[in-house]
Amino acid sequence: MNIQIKASTKNINGEIILPGSKSESNRALIMRALCKQPFEIKNLSVADDTVTLDHLLSTQILSSSHNKATIDVGPAGTAMRFLTAFLAVTPGEWLLTGTARMLERPIKLLVDALQELGADIEFAGNEGFPPLKIRGKDLKLTNEIAIDGSVSSQYISALLMIAPTLPQGLILNLTGVVASRPYIEMTLAMMAELGIEHTWSENTIIIEKQDYTSNDLFIEPDWSGSSYWYSLAALSDKADIKLTGLKTNSLQGDSVISGMMENFGVKTDFLKDGIRLSKVSSTVTINFIDFEHCPDIAQTLAVICAGLNHNCTFTGLESLKIKETDRVAALQNELGKFGVTIKQDGLNYQLDCSGSTIGKSDDAEPVFINTYHDHRMAMAFAPLTLKVDQLEIEDPKVTGKSYPHFWDDLDKVGIHQI
């Protein structure tokens, strides 16, 4: 089932409560499972991925009396990566699997690293990809490994979270350019809230064997989800949007969007209980954006640039090709429907709006947006309805992966389903 959306106003005003951060929530669930004492996780995300991980941990893994089960994460990529490491140190025999797309997403680097530590993991299908046969046990083979830091910060976070439970701790050497570093820093900061100490010198992270200690965790609202509201502000005529709960000093790497969007005429005021977005200019003052440490907001910024008919060069998009879909190809396809092109030049991607039809077409038919089973494609393109007459979005329920009430929130500010 698809939906058609249309803006009844180009002045966006309202107060929005974003869901809890999926990234923080999923880390908190794994850490609580590794902790010997229970603790409360407050404001846990209601995103599908978090609900899935919470359910699997509570009903199939930690409660399993026979320690033998098939663990199906569905489309939850974070759950697949984190559980690969978690199950490797959890006694039992596990078959870890997921959707058809999940079985196409590589995981060999993480499996290789765990096998170096002594993990018993086999590929049950294609080499290098899920499903995985895992026999959980103590990992005693070595306490020092290296892993390519340029591919996925989730691999690194998965290893770091189990590190304190390993018999000799872990010395983790990161090779290459470390991508999405803020997500690694988030993991370590949350571990510190639970008493885990570490050292990080140059590209080596050392975590000694130690116990997690019980401490209630509060999950901040999702800065990734805020990006769609920044987009609405940038594409609007006027905007006054309050996002409740977001903090100045956030663990989330995507919080950089507050500074980034100043270049698109959107001002962020930090309040005691959140932030306020306002549109102060229609002038764009940036021509090059590096997403190496914040790849999840790249789709949003691409649509903003297209909506404002602004040419821009992006870099740091390498990890987008192994997400829910190949996000670079998906952007090329969908922006192409508006005459906007994205051409690759080495590690750079040049967005060219010279042939754009956005704001120039009087076609009454809605433009159809394919979402490729990717929540961020649906949400990134939705704000574009402020610049075109109407959009038809494929599979709107896909937003449940990170922001289940997204369409309801849009409705509150005048972007309605028709």
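Is His-373 buried or exposed? In this predicted model, His-373 counts as exposed, at 65% relative accessibility. His-373 sits in the loop between strand E20 and helix H11 (375-381). His-373 has a positive phi of about 60° although it is not a glycine. Most residues other than glycine have a negative phi, and most peptide bonds are trans.

Asn-309 is not a glycine, yet has a positive phi of about 50°. The residue is placed in the loop between helix H9 (298-307) and strand E17 (312-315). Asn-309 is partly exposed, because its relative accessible area of 35% falls between the limits of 20% and 50%. A peptide bond stands out as well. Pro-130 and Pro-131 are joined by a cis peptide bond, with omega about 5°. Pro-131 belongs to the loop between strand E6 (120-123) and strand E7 (132-136).

Two further loop residues were examined. Gly-359 lies in the loop between strand E19 (348-352) and strand E20 (367-369). Gly-359 is exposed, with a relative accessible area of 63%. Gly-359 and Val-388 are 29 residues apart along the chain, and their C-alpha atoms are separated by 5.8 Å. Val-280 occupies the loop between strand E15 (274-279) and strand E16 (288-290). Val-280 is exposed, with a relative accessible area of 56%. Leaving out residues up to four places away in sequence, Val-280 touches Gly-265 and Lys-267. Between Val-280 and Asp-237 the C-alpha distance is 9.8 Å, at a sequence separation of 43 residues.

Helix H1 presents another setting. H1 is mostly covered, with 12 of its 13 residues buried. Among the buried residues are Lys-22, Glu-24 and Arg-27, as well as Ala-28, Leu-29, Ile-30 and Met-31. The cover over the buried residues of H1 includes strand E3 (41-42), H2, H3, helix H5 (153-162), helix H6 (181-193) and strand E12 (217-218). The length of H1 was compared with expectation. At 1.5 Å a residue, the 13 residues of H1 should span 18 Å, and the end C-alpha atoms are 19 Å apart, which agrees.

Helix H2 covers residues 48-61, 14 residues in total. From the first C-alpha of H2 to the last, the reach is 18 Å, close to the 20 Å expected at 1.5 Å a residue. The buried residues in H2 are Asp-49, Thr-50, Leu-53, Leu-56, Leu-57 and Ile-61. Their cover includes helix H1 (22-34), strand E4 (68-72), helix H3 (77-88) and strand E5 (92-97).

Two packed helices are described by the angle between their axes and the distance between the axes. H1 and H2 pack at an angle of about 10°, with their axes 9 Å apart. The two helices are therefore roughly parallel to each other, since angles under 35 degrees count as such. On the H1 side, the contact is made by Lys-22, Ser-25, Asn-26, Leu-29, Ile-30, Arg-32 and Ala-33. On the H2 side, the contact is made by Asp-49, Thr-50, Leu-53, Asp-54 and Leu-57. These residues divide into 5 nonpolar, 3 polar and 4 charged.

Asp-49 lies in helix H2. At 3% relative accessibility, Asp-49 counts as buried, because the limit for burial is under 20%. Setting aside neighbours within four places in sequence, Asp-49 is in contact with Lys-22, Asn-26, Ala-76, Gly-77 and Lys-401.

Attention then turned to the nonpolar interior. In soluble globular proteins, nonpolar side chains tend to be buried together. The largest nonpolar core here has 71 residues, of which Trp-229, Phe-291, Leu-301 and Phe-314 touch the most other members. Helix H7 (residues 223-235) gives the most to this core, with 8 residues. Trp-229 touches Ile-16, Leu-18, Ile-241, Leu-243, Leu-277, Tyr-403, Asp-409, Leu-410 and Val-413, not counting residues up to four places away in sequence. Another core, of 69 residues, lies apart from the largest one. Among its members are Met-31, Leu-87, Leu-117 and Leu-217. Met-31 is also one of the buried residues of H1.

Technical notes: Residues numbered from 1 in each chain as written. Predicted model: local features only at pLDDT ≥ 70, side-chain atom pairs only at ≥ 80, totals over all residues. Heavy atoms only, no water. Helix = DSSP H or I, 4+ residues; strand = E, 2+ residues; numbered from the N terminus. Expected span 1.5 Å × (residues − 1). Buried < 20%, exposed > 50% of the residue type's maximum accessible area, 1.4 Å probe, protein only. Contact = heavy atoms within 4.5 Å. Axes fitted to C-alpha atoms, helices over the stretch in contact; angles between N-to-C directions. Parallel < 35°, antiparallel > 145°, perpendicular 65-115°, else oblique. Nonpolar A, V, L, I, M, F, W, Y, C, P; charged D, E, K, R; others polar. Core = buried A, V, L, I, M, F, W, Y, C linked by side-chain atoms within 4.5 Å.
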